[in-house]
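Biologist: Let us go through this model together. I will ask, and you answer from the structure.

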Amino acid sequence: FSVSHGHAGTWDATSHIVSVTLGEAFAARKPIEFNITGLHLPTSPLLENDERLRVSVDGAATAHTSVSAASSPPVGVLESSSLHWVKPRVATTVGSGLNVTIRASCALVANDRLIVELPGFSASGSSIPLDDDIWGSSAAWDSQRLTFTLQQDQVYGDLTASIKEDALLKPSSVAF
């Protein structure tokens, strides 16, 4: 990895700590800003302002202090999701279409899966036809769970999966 503004850095893979040695002195209360590039994203997700991300100073004229990072973006999580019914029907003999929209905080790659729990719903088979090629031509249905499999790499941002109205995805009763 590298650090901007001529500062030096090291990575300790055992403790998961990045150490940066500043290339110049900074006055008290003056913001210190630098960029670190080339680190890999963690395998476990980080929430927005995750308290596990910590910043500390260990200097010749300062006591060693450690605080949670004041702000940090989420990594590896869904920032938001929504379901939108297309021609919703409560009768159990007809199906409804469904649009699922997610906002991912990081890039998604081919074969990543999106799982949507739909308790109280049923489908006519184990394969649900889709209207969107990003997720392929169908989603897998298994006991009130839809699994979409991404067909191509996607940058972070909004992604929508659309289930056709004739997919016979339906509530198991009219009271839900």
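Modeller: V18 lies in strand β3, residues 17–21; strands here are DSSP runs (E, at least two residues), numbered from the N terminus. The model is predicted: local features need pLDDT of at least 70, side-chain atom pairs count only at pLDDT 80 or more, and totals for chains, interfaces and linings use all residues. Residues are numbered from 1 along each chain as its sequence is written, and side-chain values use heavy atoms, leaving out hydrogens and water.

Biologist: Is V18 buried, partly exposed or exposed?

Modeller: Buried means under 20% relative accessible area, exposed over 50%, and partly exposed in between (1.4 Å probe, protein chains only). V18 has a relative accessible area of 28%, so V18 is partly exposed.

Biologist: Which residues is V18 in contact with, leaving aside neighbours within four places in sequence?

Modeller: Contact means heavy atoms within 4.5 Å. F1 is 17 residues from V18 along the chain, with their C-alpha atoms 9.8 Å apart. The contacts of V18 are F1, T10, W11, I36 and L39.

Biologist: Which residue in β13 is the bridge partner of W141?

Modeller: Strands pair if DSSP finds at least two bridges between them. Strand β12 (residues 138–141) runs antiparallel to β13, joined by two bridges. The partner of W141 is L146.

Biologist: In β9, what stands opposite L146?

Modeller: β9 (residues 113–117) pairs with β13 (residues 145–149) in the antiparallel sense, over five bridges. Opposite L146 stands V116.

Terms used:
Helix = DSSP H or I, 4+ residues; strand = E, 2+ residues; numbered from the N terminus.
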